[in-house]
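Have the sequence and the 3D view open while you read.

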Amino acid sequence: MAYVIGIDTGGTYTDAVLLDAKRKPPQIIKKAKAFTTHDQLEIGIRESVFRLRLGGADIPLIDKVVLSTTLATNAIVEGNLHKVGVIIVGDMPKGKIASEYVRQVPGKINIKGRMLVNVNKEETLRALEDLRPRVQAIAVSGASSVRNPMLEQEVRDIVRGACDLPVMCGHEFVSELGYLERTNTVAINAGLLPIINRFLEAIKNVLRDFNILAPIFVVKGNGSIATERSISERPIETALSGPAASMIGAINLTGIKDAVVSDMGGTTTDTGIVQNQRVALSKDGAKIGDWRLKIKSAKLYTSGLGGDSQIRDDNGDFHIGPKRVLPACRGGPDITPTDLTHVSGEFDQWDTELAKAAVARAAGNRFLSVEEYAKHAENAVVKKILDESIGPYKGYDLPICAIGAPAGSWYAKVRDQYDFELIIPEHYDVANAVGAATAGIQESAEAIVRPGEEGRGYLVHTEKGRFFIMDRLEAVRKAVMISIEHAQAAIINQNLEVDQTEISCTDAYMEQGRLKRREFRIYALSDLKEIKDYEAYVETRIKVSANGKNFI
C-alpha cells in the first residue's frame, strides 16, 4: 500500500482524503470535511486531518501529503500582497504595474535579442537603495528579455551582491512575449513569498502534531504538483490550483478520457475541459482579480454560484449569487441553494427547521406555500447552472462530469429538465482532495528558433540565453538540448527523479501567402537527425515536458 493524504481548501470547506494511491482507481480509505478558516487556513486543515482519525485507527504511515490551496488566488484578488520593488530595465511596459514601488534603469534588448544598451551598475544600485527600505523583495523585468535575458540577469546579480532581499526576473517565470503581463507575474510572485512561506511552515507544524512527517507537495494551476520547497520560491504557480485539482480528481474518480468538468463549491462553480485525460490549459494565462498573469493554468469559466450563494427574490425574479452568505440552516438570515436541499429533504447536515422557516417567511410574502416557493427558487438555480456552467460548453458534445459537495443534488435536477449526458462519480463531494492526492509531477521549458538578423544564420532563444548558430538543424538541436536540461533540472532540483520526457516541435512557414504550421515529436535529442526544408521558413517552437517519477 501507498498512503497519501490529499487536502483541498475551498471557499467553504476544507476537504481531506486518505487514499491508497497504488490502487487503480485509487482507493479512498477515509474522507473528512471541515469549514475553511480563511484568515488562518491551517486551522481548517488541522480540523480536517483530525477528522480523518475519527471512528477508526490512527492515520497510518503516510508517503506524501498534497495540498491544493486558495491562498495565492485570494491574496491576489484581495490585494493582500507584500510590498515589492520593481526594477524596470529600459522602456516601461504600457499599463498598470502591480506595485507602487517601481524604478527604471537604462538598458535595451531588441526583438531579435541583441543587446543595444547595457546595464549601468551605478544607476541600478541607486534604484535599489531607493527601494530597499520600503520593500520585502525585488522583481526585475525588461522588454524582450524572453529573447535574451542577459540584462535582467545582470540587474539580478547586482541586487544579490548588494543586499539580502529575495530577487527574481521576469524571464524565469514567463517564456513568451507580453511585457506588462510578464512584469506583473514576477512582481506578484515576489509579493506572495512571505504569505506562502508562512502558510507552508504552519502546515508542517500541523502535520508534525499528528506525527505525519511525509514530504509535502502543492498542486499548481496547471494540474501538476511541485514540492513545497519549489512552491516557496514560485508561489504564483499555485494560483487556481483548486479548480485544477478538481479536474484531476474527476479524471481519477471516473477514468473518463474527455469531458466537461463542473465543480460546484460553496462560493463558485468552476468549469473546465479534460482532453485525453489531461487538463486543458489556457493559452492566455489567467485573469485573477485586476491582473492578467502569464501562468500555466487550467482554462476555466467561473460562475458566482455555489451552495452558499445568496438567493434574492425581486418580486418573483430570482437572482442567485455571486455573494456568499451563511445559509439559514446554519443560522444565517438568507436563503441559499443549501437551504433548498434541506427543504426538499435531499440534504440534512444542518438545521432543516431553520431552512424551512426562512423559506416559509419568504413564501408568505408572496402568498405561496413553502413547496411552491421552494420550487420557483429551485428552478432559478437550475437555470443559472444551465446558462452559466453548462451553456458555454454546449458545442463541445462532451459528457458533463459534476463534482463538489452540492453537485449530487443540483446537476441531477438540471439533467432532469435538460437532456445531456451526466456523470456524478462516487466521492464527488471530495473530488478536489482526490485530485490533489493523485496529481502528477511535471515541469516544462520552451525555446524558439528564428532566422538571424539580415537573413544570416539562426537565433536560438532559450530560458538560458540567446545563441547564434549558422545551421538550422544545429540551432534546433541546441534549443531542444537546453530545454531538456532546463525541464529535467526543475525535477532534479526538487530531489525527484525524471521519469519521462516529451519533446514537441512546431515549424511555422509561409506557403502560397499563408502561414502554416507543422508539428512533430521526437523522443530524444538523438532522434533529431534531419529537418524539413521550406521555401519561407518563419520559426520553430520547442516545448519540453519532463515528468517526475512517482516515488510511492
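Let's begin with two tyrosines: Tyr509 is buried, and so is Tyr534. Buried means under 20% relative accessible area, exposed means over 50%, and partly exposed is in between (1.4 Å probe, protein chains only).

A quick word on ground rules. This is a predicted model, so local features need pLDDT of at least 70 and side-chain atom pairs count only at pLDDT 80 or more, while totals for chains, interfaces and linings use all residues. Residues are numbered from 1 along each chain as its sequence is written, and side-chain values use heavy atoms, with hydrogens and water left out.

**Rings that meet**

Rings of Phe, Tyr and Trp (its six-membered ring) pair if their centres lie within 6.5 Å; planes under 30 degrees apart are stacked, over 60 edge-to-face, and the rest tilted. By this rule there are 6 aromatic pairs. Here are two of them:

| Pair | Centre to centre | Angle between planes | Type |
|---|---|---|---|
| Tyr458 and Tyr537 | 6.0 Å | 70° | edge-to-face |
| Tyr509 and Tyr534 | 4.3 Å | 15° | stacked |

Which parts of the chain does the pair of Tyr458 and Tyr537 link? Tyr458 sits in strand β24 (residues 458-461) and Tyr537 in strand β28 (residues 536-548), 79 residues apart. Tyr537 is buried too, with a relative accessible area of 16%. As for the other pair, Tyr509 lies in strand β26 (residues 498-511) and Tyr534 in the loop between β27 (514-522) and β28, so the pair ties together parts that are 25 residues apart in sequence. By the way, helices (H or I, at least four residues) and strands (E, at least two) are DSSP runs, numbered from the N terminus.

Elsewhere, Tyr13, Phe35 and Trp350 form one aromatic cluster.

**Helix α8 and its surroundings**

Now find helix α8 (residues 337-344) and helix α9 (residues 352-365): they pack at an angle of about 105°, with their axes 8 Å apart. Axes are lines fitted to C-alpha atoms, for helices over the stretch in contact, and angles run from 0 to 180 degrees between N-to-C directions. That makes α8 roughly perpendicular to α9; angles of 65 to 115 degrees get that label, under 35 is roughly parallel, over 145 roughly antiparallel, and the rest oblique. On the α8 side, the contact (heavy atoms within 4.5 Å) is made by Asp339, Leu340, His342 and Val343, and on the α9 side by Thr352, Ala355, Lys356 and Val359.

How many residues of α8 are buried? It's 7 of the 8, so α8 is largely enclosed by the rest of the structure. Its buried residues pack against β19 (309-314), α9, α10 (370-390) and α11 (407-417). Just after α8, Gly345 takes a positive phi of about 85°.

Most residues other than glycine have a negative phi, and most peptide bonds are trans. Leu240, though, has a positive phi near 65°. Leu240 lies in the loop between α6 (228-233) and α7 (241-254) and counts as buried at 18% relative accessibility. Phe367 also has a positive phi, about 55°, and its place is in the loop between α9 and α10. Is Phe367 buried or exposed? Phe367 is exposed, with a relative accessible area of 79%.

One more to look up: the peptide bond from Gly321 to Pro322 is cis, with omega near 0°. You'll find Pro322 in strand β20 (residues 317-324).
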